[in-house]
Amino acid sequence: MWGDPNKLSRDNLQKEDINPGVQYTGVPSQDELSRCPGVPTETRVGLGRVACIECVQEIPCNPCEGLCKFGAITIGEQITNLPRLHEDKCVGCGLCVAGCPGLAITILDRSYSDTEATIDFPFEYLPLPAVGDQVDAVDRAGQVVCKGRIVRVLRPASYAGTAVICMAIPHEYIDTVRSMKRLPRRD
């Protein structure tokens, strides 16, 4: 139905009606995200920091459940269940972000300011940005969406090499932005 998945262009990833999903493109489609039990409601995102688990593949994985000290993430008996977010229990601590081997968890906060929201995301590239840097914020497919401002960079030893970056972005992009463009290597 979709033709040769190797011929899908990056431009097609922007058109949700063409994106056949994570299995073919590595980018979850809107349909997959709408069925994901780890995505918080808009109301909860507006109340403050909350995890957003965009895990759409039923694979044997459950580190997020064990990392959450508040019982806000459950997998259940079947290890291939999609992680379920119990948004009323989530405090937005972010421990799950660096611990997800699929890099599928972010922390969203629409209450950051009147004009900006924040997103915390895992980042495994060097160099790391510095607090205050203006960077290109990107969507799930790596396309630049807007400018973002780095608010915090966390890299404790317990994160095993995965930094967690907190970036402020305009409110209207909280559902679209999921990371930042890699910075050029410094010599």
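**Exercise 1.** Which side chains does the salt bridge of glutamate 42 join, and at what N to O distance?

*Solution.* Step 1: the side chain of glutamate 42 meets that of arginine 110 in a salt bridge, at 2.7 Å from N to O. A salt bridge here is a side-chain nitrogen of Lys or Arg within 4 Å of a carboxyl oxygen of Asp or Glu.
Step 1: the pair links distant parts of the chain, 68 residues apart, with glutamate 42 in helix α4 (residues 42–47) and arginine 110 in the loop between β4 (105–109) and β5. Helices (H or I, at least four residues) and strands (E, at least two) are DSSP runs, numbered from the N terminus.
Step 2: Glu42 and Arg110 are linked with Asp175 in a network of salt bridges.
Step 3: glutamate 42 has a relative accessible area of 44% and is partly exposed. The classes are buried (under 20% relative accessible area), exposed (over 50%) and partly exposed (in between), with a 1.4 Å probe and protein chains only.

The model is predicted: local features need pLDDT of at least 70 and side-chain atom pairs count only at pLDDT 80 or more, while totals for chains, interfaces and linings use all residues. Residues are numbered from 1 along each chain as its sequence is written, and side-chain values use heavy atoms, with hydrogens and water left out.

**Exercise 2.** State how many salt bridges the structure holds, then describe two further pairs.

*Solution.* Step 1: the count is nine.
Step 1: arginine 35 pairs with aspartate 31, with 2.8 Å between the closest N and O atoms. Arginine 35 is exposed at 55% relative accessibility, whereas aspartate 31 is partly exposed at 46%.
Step 2: glutamate 54 and arginine 178 form a salt bridge through their side chains (3.1 Å, N to O). Glutamate 54 is in the loop between β1 (50–53) and α5 (63–67) and arginine 178 in the loop between β8 and β9 (179–180), so this pair ties together parts 124 residues apart in sequence. Both glutamate 54 and arginine 178 are buried.
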